[in-house]
Amino acid sequence: MEAKENGSVDTKSSVENGQLTDPAHWAVADVVNYFKATGFEEQANAFQDQEIDGKSLLLMTRNDVLTGLSIKLGPALKIYEYHVKPLQTQHLKSNVS
């Protein structure tokens, strides 16, 4: 992390050179920013409240997303099916030797 002149802190972005970085390296702020950028601005706060970082995100089950984050069922289903699950699959594929 890099401190800026105004005192704010720059976190490592979840996107590097137009591609997603490995979610295992994401901080809580990266997870929150990812979900805000994908249209789940209101639900992103649940990840902040529960302190879900990239490693935690990769360990989440469908049930964790549906019940553990206290968000409405519709958005929770979309978040899991269209974001969490694909990120987990991408991570597994990129770490298989």
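Residues 24 or more positions apart make up 42% of the contacts in the protein chain with a separation of 6 or more, where contact means heavy atoms within 4.5 Å. This is a predicted model, in which local features need pLDDT of at least 70 and side-chain atom pairs count only at pLDDT 80 or more, while totals for chains, interfaces and linings use all residues. Residues are numbered from 1 along each chain as its sequence is written, and side-chain values use heavy atoms, with hydrogens and water left out.

**Overall layout**

- The protein chain has five helices and four strands, counting DSSP runs numbered from the N terminus (helices: H or I, at least four residues; strands: E, at least two).
- Reading from the N terminus, the order is β-β-β-β-α-α-α-α-α.
- Of the 97 residues of the protein chain, 34% count as buried; buried means under 20% relative accessible area, exposed over 50%, and partly exposed in between (1.4 Å probe, protein chains only).
- The accessible surface of the protein chain is about 6400 Å², with 48% of it belonging to carbon and sulfur atoms; such areas come from the Shrake-Rupley method with a 1.4 Å probe, and for residues only the protein chains shown count as cover.

**The nonpolar core**

- The largest nonpolar core holds 22 residues, and Phe35, Phe47 and Leu57 are those with the most contacts inside it. A nonpolar core here is a set of buried Ala, Val, Leu, Ile, Met, Phe, Trp, Tyr and Cys residues joined through side-chain atoms within 4.5 Å.
- At least two residues of this core come from each of α1, α2, α4 (62-68) and α5.
- Setting aside neighbours within four places in sequence, phenylalanine 35 is in contact with Phe40, Glu41, Ala44, Phe47, Leu57, Ile79, His83 and Val84.

**Aromatic pairs**

- Rings of Phe, Tyr and Trp (its six-membered ring) pair if their centres lie within 6.5 Å; planes under 30 degrees apart count as stacked, over 60 as edge-to-face and the rest as tilted. By this rule there are three aromatic pairs.
- One of them is tyrosine 34 with phenylalanine 35, an edge-to-face pair at 5.0 Å centre to centre and 85° between the planes.
- Phenylalanine 35 also pairs with phenylalanine 47: their ring centres are 4.4 Å apart and their planes sit at 10°, so this pair is stacked.
- Because phenylalanine 35 lies in helix α1 (residues 28-37) and phenylalanine 47 in helix α2 (residues 41-49), the pair ties together parts that are twelve residues apart in sequence.
- Trp26, Tyr34, Phe35 and Phe47 are linked into a cluster by ring pairs.

**Helix α1**

- The buried residues in α1 are Val28, Asp30, Val31, Val32, Tyr34 and Phe35.
- Those buried residues of α1 pack against β4 (19-20), α2, α3 (54-59) and α5.
- Just after α1 comes glycine 39, with a positive phi of about 100°.

**Helix α2**

- Gln43, Ala44, Ala46 and Phe47 are the buried residues of α2.
- Looking down the axis of α2, its buried residues fall within an arc of 145°, so they line one face of the helix; the arc is that of the directions from the helix axis to the C-beta atoms.
- Glu41, Glu42 and Asp49 are exposed on the other side of α2.
- The buried residues of α2 pack against α1, α3 and α5.
- Glutamate 51 follows α2 and has a positive phi, near 55°.

**Helix α5**

- Histidine 83 lies in helix α5 (residues 73-94) and counts as buried at 13% relative accessibility.
- Not counting residues up to four places away in sequence, histidine 83 touches Tyr34, Phe35, Thr38, Phe40 and Lys78.
- How many salt bridges does the whole structure have? A search finds one, a salt bridge being a side-chain nitrogen of Lys or Arg within 4 Å of a carboxyl oxygen of Asp or Glu.
- Glutamate 81 forms a salt bridge with lysine 85, with the closest N and O atoms 3.3 Å apart.
- Glutamate 81 and lysine 85 are four residues apart in helix α5, so about one helical turn separates them.
- Glutamate 81 is partly exposed at 33% relative accessible area, and lysine 85 is partly exposed at 36%.
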